[in-house]
Amino acid sequence: MKIFLTAINAKYIHSNLAVYSLRAYAKDYQDQIVIGEYTINNRVDYILEQIYKAKPDVLCFSCYIWNMDYVEELITEYHKLCPEVPIWVGGPEVSYEVETFLAEHPQVTGVMIGEGERTFQQLCKYYVNQTDSLEEIRGIAFRDQDSGKTVFTPAQEPMNMSDIPFCYDHIENFENRIIYYESSRGCPFNCSYCLSSIDKKLRFRDIELVKKELAFFIEKKVPQVKFVDRTFNCRHDHALCGLSPEFTLDTMVVERYDRVCSFDPPSGDYLGAGKFKMCIPAFIGFCRSRCFYFLFGTLFIVNTGGKREDKPFRTD
C-alpha cells in the first residue's frame with residue numbers, strides 16, 4: 001500500500017508543513033506514506049509523470065490558493081490514467097465549499113475538512129487495514145456511490161497542539177529551504193476577508209515543547225524559520241517566551257516598529273505597541289543573526305547584517 005501526499009509549493013525554497021505534519025501524526029503508517037513536493041514552476045506534465053511513476057494506491061493533494069489550478073488539472077488527467085485510484089484533497093481551498101467542489105470534480109473521492117492530522121491517520125487505517133467504513137471517519141465529506149449525494153461525517157474535535165509530533169527530525173532533508181513552524185492554531189478575531197476567522201478554537205503548543213524545538217533549529221544552524229501562527233502574539237506570555245534569560249534565541253534578529261500591533265482588536269490591548277517597545281531592547285540583546293521571522297504586523301524592519309529593509313504588510 002502506498003499513500004502519496006502531493007504538495008505543490010510556490011517556490012523551491014518553500015516546504016509544505018501540512019504534509020509533513022500529516023505523515024508525522026500517522027506514525028503507525030509512515031512506511032506506507034510517500035511525500036512528493038513540487039512547485040508551480042514545474043510543468044503539469046512533469047508532476048503528472050512523477051505521480052504516475054510513483055504508482056500510488058491512494059493519492060492526496062494539499063490545496064492552497066497558489067496551486068489550485070495545478071491540482072484541478074492533475075486530478076482530471078490522473079483520473080484518466082488511473083481511474084481506480086482514490087483521490088483525496090484537503091486544505092483551505094477545499095474545506096469551505098465542499099459540496100460544490102465535489103460536484104464540479106467527480107474524479108475526487110472525498111475531502112478532508114479542516115485540521116487533517118487525525119482525519120488522515122484514520123484514512124490511512126481505513127486503506128491499509130481495510131477495516132471500518134468511511135462513515136466512521138470524522139472530518140470528511142465524500143460522494144455516496146449509490147445515491148451520488150455528498151455525505152458529511154461529524155467534525156473532528158480540535159487537536160491538542162502538543163500532541164502533534166515534531167516533523168523536522170530529519171532536518172538534513174530541508175537544506176536550503178525555509179522551515180515553517182506552528183506554535184498555535186485558531187484566531188479570536190472576525191476579519192470578514194480571512195478564512196482564519198472561522199476557526200475560533202484558539203490553542204497553543206506547550207511552551208516548553210516550543211522552546212525545545214526552537215533550540216533544535218538553533219543547534220542545527222537553520223538559517224530561517226517562519227512562524228505560521230494565525231495570531232502569533234494574542235497571548236503575551238506565549239509570544240514573549242523567547243525573551244526570558246533562560247532561553248536565549250541566540251540566532252534571531254528581528255526589529256519592529258511601535259505600529260506592528262497598532263490595530264484595535266475587539267478585546268482591547270493585543271500585545272500592545274507599548275509592551276512591544278519595552279521588549280525590544282531585551283529582544284535585540286538576545287539576538288545576533290537572522291533566524292526567526294513572524295508573519296504578522298503592519299510594518300517591520302528586518303536587520304540583515306547592517307542593511308535595513310522596510311517590509312510593509314500587504315493588504316491585498
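For my first entry I need one term: contact means heavy atoms within 4.5 Å. I also note that this is a predicted model.

**Entry 1: a helix across strands**

With that term in hand, I looked up helix 3, residues 68–81, and found that helix 3 lies across strand 1 (3–9), strand 3 (58–62) and strand 4. Its direction is at about 165° to strand 3.

**Entry 2: the whole chain**

Next I stepped back to the chain as a whole. I counted 8 helices and 15 strands in its secondary structure. The chain has 316 residues, and 48% of them count as buried. I then checked contacts between residues at least 6 apart in sequence, and 69% of these join residues at least 24 apart.

I traced an open sheet of 7 strands, and I wrote down its order as 2-1-3-4-5-6-7, with mixed pairing. Which strands sit at the edges? They are strand 2 (33–39) and strand 7 (150–152), and each of them pairs on one side only. On average, neighbouring strands here are turned by 20° against each other, direction ignored.

I reminded myself that strands of a sheet pair through backbone hydrogen bonds, either parallel or antiparallel. Then I zoomed in on strand 4 (residues 87–90) and strand 5 (residues 110–112), which run parallel and are joined by 3 bridges. I looked for the partner of G90 and found M112 in strand 5.

Helix 5 covers residues 117–129, and I followed it across strand 1, strand 2, strand 3, strand 4, strand 5 and strand 6 (140–143). Helix 5 runs at about 140° to strand 1.

How do helix 1 and helix 5 cross? The axes of helix 1 (residues 17–25) and helix 5 come within 8 Å, and they cross at roughly 55°. Helix 1 is therefore oblique to helix 5. I noted the crossing as right-handed. On the helix 1 side, the contact is made by S21, L22 and Y25, and helix 5 brings E117, R118, F120 and Q121. Sorted by class, I have 3 nonpolar, 2 polar and 2 charged residues in this contact.

Last, I picked S133, which is found in the loop between helix 5 and strand 6. Is S133 buried or partly exposed? S133 counts as partly exposed because its relative accessibility is 23%, while buried would mean under 20%. I also checked S133 against L123: they are 10 residues apart along the chain, and their C-alpha atoms are separated by 9.5 Å.

Note on methods. Residues numbered from 1 in each chain as written. Predicted model: local features only at pLDDT ≥ 70, side-chain atom pairs only at ≥ 80, totals over all residues. Heavy atoms only, no water. Pairing = 2+ DSSP bridges. Helix = DSSP H or I, 4+ residues; strand = E, 2+ residues; numbered from the N terminus. Axes fitted to C-alpha atoms, helices over the stretch in contact; angles between N-to-C directions. Parallel < 35°, antiparallel > 145°, perpendicular 65-115°, else oblique. Left-handed = near helix turned anticlockwise from the far one by under 90°. Nonpolar A, V, L, I, M, F, W, Y, C, P; charged D, E, K, R; others polar. Buried < 20%, exposed > 50% of the residue type's maximum accessible area, 1.4 Å probe, protein only.
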